[in-house]
Amino acid sequence: MLNRRKKNTLAGILLLVASSCMAQSYVDDALTFSQTRPGGSARIQAIGGAQVALGGDYSSTLSNPAGLGIYNRSEFTFSSALSGYTAKSSYLSNSDKEGKLIFNIPGISVVFHSGKDKDGFLGGSFGLSMSRINDFQGVTTVHGRNNDTSIIDSYIGIANGADTRQFDEFDGDLYNTPTGLAFNNYLIGDSSILIPPGSDEQYFTDVQSVPDQRMILETKGAANQWSISYGGNFTDIIFFGGGIGITSLKYNSQRTFDESFANDPNFNYLSVTENLKTKGTGINLTVGLIVRPIDFFQIGASFTTPTLYSITSTYDASMNSSWKSYDYYGDGSKILDDIKTATDVVVSEYSLTTPLKFNAGIALISKFGFITGDIELINPAQSRYSFDENKGLDYYIDFTQDNSVIKSVYKTAVNYRIGAEFRHDIYRVRGGLGVQGNGYQKDLGLDNSTLNISGGLGMRTKTYFVDLALINSSQKKYSYQPYFLGDGSGPVAEIKKNTFTGMITVGFIF
């Protein structure tokens with residue numbers, strides 16, 4: 001379009017600064033932050049995470065404080081783990097596999113036991129623990145030649161319907177977005193600069209060929225909970241407890257999307273990187289009960305209130321583009337070569353309430369070991385965002401639509417776990433299975449369920465114990481769209497994630 005333009009100085013278009021527009025999916029985050037995994041020692045992880053009716057392990061401070069009432073000793077424990085994360089992807093008929101290895105500390109605890117015998121009350125235990133309840137680590141790579149669309153088409157679709165004031169500083173809705181960066185990199189322009197001129201609310205691009213695409217998506221972080229709990233023992237039949245949970249989450253994601261145009265007469269490549277950092281703290285309460293009607297049988301239940309998070313998110317993006325000394329207006333006034341633009345860091349503060357959880361379990365116990373199983377109910381559709389207008393912040397976030405979508409696309413997830421332990425003298429052999437159920441409505445055709453298969457060994461003496469667990473977690477294959485066109489279509493990547501963890505817990509009895 002070298003000779004079909006009129007001069008437009010774009011004098012009013014500045015580089016991007018902060019606005020209230022956040023390029024993140026609050027709906028997706030609600031599911032990510034609400035579905036937690038069972039915490040606890042390597043012993044508990046080896047038996048699939050089943051723990052509600054079992055007791056006698058520091059995991060009770062998190063899952064069912066009544067389990068602390070079963071303690072007859074005091075102890076200190078420390079856990080460490082090494083996890084390998086892999087993701088296999090298929091995109092545009094190409095396959096990729098990416099992975100990384102991370103060391104972490106999934107648990108620390110101390111339990112103080114105090115025995116009594118007064119009117120059937122036999123004392124109890126106070127527990128303090130830190131448990132990892134969610135893991136956000138992951139890395140995914142996809143690549144391929146797209147003969148149909150470019151991410152530039154997505155930017156055009158987003159920009160269409162409004163003139164270039166949408167890219168203006170302070171009051172432009174797209175000022176601080178990747179679409180705004182594309183405009184300032186001259187990847188899209190309004191049709192009024194063409195000859196003959198078109199509508200100033202319709203956009204075009206001078207990039208003319210098909211791209212080779214590549215995306216790298218990396219996530220980091222975890223959610224941990226500090227639990228302060230007490231469990232009591234009444235006649236060795238009824239065990240009761242309650243506790244406070246103080247949660248913290250840190251979630252970072254970086255997505256880089258590249259397109260190269262080897263055969264384009266005007267353009268070489270573009271690269272856009274988006275960074276999202278989310279951190280928050282929350283609080284909840286857990287109460288629980290375990291009943292042992294006969295010596296070899298225990299039944300337990302616990303209830304955890306919704307967790308109220310106070311969250312701060314920061315977002316920024318940058319774009320690099322390379323032109324072939326392209327004469328944009330056709331009159332020598334604007335020659336395009338290498339261009340770099342970036343947004344300011346956009347900060348937003350808000351609250352998220354994640355749903356309540358109900359757990360129930362049974363345990364069959366003998367001198368040779370035990371078999372135990374749990375079921376957990378949690379409904380991500382109950383997650384809710386809110387914004388406090390009284391803080392006096394210079395922006396406003398309306399979560400009405402997000403909360404409505406959350407309510408319509410999610411449903412109650414049923415999580416279940418089963419495990420067993422065989423005992424011989426001071427040695428233990430364990431195995432387990434856990435399933436995190438699908439949180440999506442059935443008619444959506446989506447499935448985020450996870451299968452955990454685990455096993456482990458242990459050794460317990462009168463003064464110390466050591467437990468080892470191996471856990472393999474595999475997710476259902478899911479679809480991911482790197483970008484959307486105006487009709488909601490776009491290229492789709494099929495991704496399957498897997499995590500393999502080795503964990504060890506060392507405990508000292510005092």
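At roughly what angle do the axes of helix α1 and helix α6 cross? Hold that thought, everyone, while I cover the ground rules.

This is a predicted model, so local features need pLDDT of at least 70 and side-chain atom pairs count only at pLDDT 80 or more, while totals for chains, interfaces and linings use all residues. Residues are numbered from 1 along each chain as its sequence is written, and side-chain values use heavy atoms, with hydrogens and water left out.

Now, the whole chain. We have 6 helices and 22 strands; these are DSSP runs numbered from the N terminus, H or I of at least four residues for helices and E of at least two for strands. The C-alpha atoms fill a box of roughly 95 × 50 × 40 Å along the principal axes. Of the 510 residues, 52% are buried, meaning under 20% relative accessible area, with exposed over 50% and partly exposed in between, using a 1.4 Å probe and protein chains only. The chain exposes about 22,500 Å², and carbon and sulfur atoms supply 57% of that area, computed by the Shrake-Rupley method with a 1.4 Å probe. Taking contacts (heavy atoms within 4.5 Å) with a separation of 6 or more, 71% join residues 24 or more positions apart.

Back to our helices. The axes of α1, residues 26-34, and α6, residues 400-409, come within 9 Å and cross at roughly 55 degrees. The axes are lines fitted to C-alpha atoms over the stretch in contact, with angles from 0 to 180 degrees between N-to-C directions. That angle makes α1 oblique to α6: under 35 degrees would be roughly parallel, over 145 roughly antiparallel, 65 to 115 roughly perpendicular, and the rest is oblique.

Who meets whom? From α1 come Y26, V27 and A30, and from α6 come D402, V405, I406 and V409. The residues of this contact divide into 6 nonpolar, no polar and 1 charged. Here Ala, Val, Leu, Ile, Met, Phe, Trp, Tyr, Cys and Pro are nonpolar, Asp, Glu, Lys and Arg are charged, and the others, Gly among them, are polar.

Helix α1 is largely enclosed by the rest of the structure, because 7 of its 9 residues are buried. Those include Y26, V27 and A30, along with D29, L31, F33 and S34.

One last stop: G242, in strand β8, residues 238-260. G242 counts as partly exposed because its relative accessibility is 26%. Beyond neighbours within four places in sequence, G242 is in contact with P65, I228, S229, Y230, T286 and V287. G67 is 175 residues from G242 in sequence, yet their C-alpha atoms are 10.0 Å apart.
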